[in-house]
Structures are given as structure tokens and as C-alpha cells.
Amino acid sequence: SEKTLLYYVIVIVGPALRSSIPIYVKNNFLDKYNISNKEMEIIGYVISGSTNQQIAELLFISVNTVRTHLKNIYRKIEINSQRELLLLYSRILHRTV
């Protein structure tokens, strides 16, 4: 179920991910969605469960800049929320997209 996938990504996989997204997943995002390296880095932190504030502190940028990156990511991928990003990541990770 979607709830189980989200739990798996956030609780089980997330902490181990902090920017260690598998290369085939990175390539999928980079090639298919034209995601920049900085946006990919932010995706990694989002997937690992970091808040916008934590991401800002880790990358030495403002929270508003994080929000702008997220808006650009959502626009490029044609999604509307972090939840959808997590589901898409899970599907790509398990090669169901």
C-alpha cells in the first residue's frame, strides 16, 4: 500500500540515504526530469527525512532557497507535494515507473 511504501522510505531507508541515492535512481531523475545536481542533493535530504530548515543549515542556504528548489523540482517532475516525491522515489528505486 502507499502508506507502507511511505513508511519504508521515511523510516527504514531514509536515514541511510543522506545523499547516497543509487546511481540508477539519480540518472533517472537527472535524465528523465532534467534535475540539477543541487536539486538532486535536496531530493536526497528530503527522502532521508530532513526538514527544510535542516536542509538549509546543511547546505548553507536560506529556507526560502530550499523552498524555491523544491518548487522547481515539483514543477519539473510534475508533482505537487513531498509525499508524491517520496512515492515516485520509491517506485523508481523498485523500478516500477
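Author: The buried residues of helix H3 are Glu39, Met40, Ile42, Ile43, Gly44, Tyr45, Val46 and Ile47. With 8 of its 11 residues buried, H3 is a mostly covered helix, and the rest of this answer looks at what covers it. Please keep in mind throughout that this is a predicted model, and that every value below is computed from it.

The protein has 6 helices and 0 strands, and read from the N terminus its elements follow the order α-α-α-α-α-α. It consists of 97 residues, of which 40% count as buried. If you take the contacts between residues at least 6 apart in sequence, 61% of them join residues at least 24 apart.

Consider the partner H5 to begin with. H3 covers residues 37-47 and H5 covers residues 63-77, and the two pack at an angle of about 95° with their axes 10 Å apart. Angles of 65 to 115 degrees count as roughly perpendicular, and H3 and H5 are therefore roughly perpendicular to each other. On the side of H3, the residues that meet H5 are Lys38, Glu39, Ile42, Ile43 and Val46, while H5 brings His69, Leu70, Asn72, Ile73 and Lys76. Sorted by class, the residues of this contact are 5 nonpolar, 2 polar and 3 charged. Because its relative accessibility is 18%, His69 counts as buried, the cut-off being under 20%.

The partner H4 meets H3 at another angle. The axes of H3 and H4 come within 10 Å and cross at roughly 130°, which makes H3 oblique to H4. This crossing of H3 and H4 is right-handed. Here H3 contributes Lys38, Glu41, Ile42, Tyr45 and Val46, and H4 contributes Ile55, Leu58 and Leu59. The classes in this contact of H3 with H4 are 6 nonpolar, no polar and 2 charged residues.

The partner H6 comes next. H3 and H6 pack at an angle of about 95°, and their axes are 10 Å apart; the two helices are therefore roughly perpendicular to each other. Ile43, Val46 and Ile47 of H3 make this contact together with Gln82, Leu85, Leu86 and Tyr89 of H6. By class, the contact of H3 with H6 has 6 nonpolar residues, 1 polar residue and no charged ones.

These contacts lead to the interior of the protein. In soluble globular proteins, nonpolar side chains tend to be buried together. In this model the largest nonpolar core has 27 residues, and those with the most contacts inside it are Phe29, Ile35, Ile43, Ile73, Ile77 and Leu85. At least two residues of this core come from each of the helices H2 (23-33), H3, H4 (52-59), H5 and H6 (82-93).

Phe29 lies in helix H2, and because its relative accessible area is 0%, Phe29 counts as buried. Apart from its neighbours within four places in sequence, Phe29 is in contact with Asn34, Ile35, Met40, Ile43, Ile77, Leu85, Leu88, Tyr89 and Ile92. Among these, Tyr89 lies 60 residues from Phe29 along the chain, yet the C-alpha atoms of the two are separated by 9.0 Å. Ile35, in turn, touches Phe29, Leu30, Met40, Ile43, Ile73, Lys76 and Ile77, again not counting residues up to four places away in sequence.

Finally, look at where the chain goes after H3. H3 is followed by Gly49, whose phi is positive, near 95°. A positive phi is found elsewhere too: Phe60, although it is not a glycine, has a phi of about 55°. Phe60 sits in the loop between H4 and H5 and, at 77% relative accessibility, counts as exposed. Glu78 is a further residue other than glycine with a positive phi, near 65°; its place is in the loop between H5 and H6, and at 71% relative accessibility Glu78 counts as exposed.

Terms used
Residues numbered from 1 in each chain as written. Predicted model: local features only at pLDDT ≥ 70, side-chain atom pairs only at ≥ 80, totals over all residues. Heavy atoms only, no water. Axes fitted to C-alpha atoms, helices over the stretch in contact; angles between N-to-C directions. Helix = DSSP H or I, 4+ residues; strand = E, 2+ residues; numbered from the N terminus. Parallel < 35°, antiparallel > 145°, perpendicular 65-115°, else oblique. Contact = heavy atoms within 4.5 Å. Nonpolar A, V, L, I, M, F, W, Y, C, P; charged D, E, K, R; others polar. Core = buried A, V, L, I, M, F, W, Y, C linked by side-chain atoms within 4.5 Å. Buried < 20%, exposed > 50% of the residue type's maximum accessible area, 1.4 Å probe, protein only. Left-handed = near helix turned anticlockwise from the far one by under 90°.
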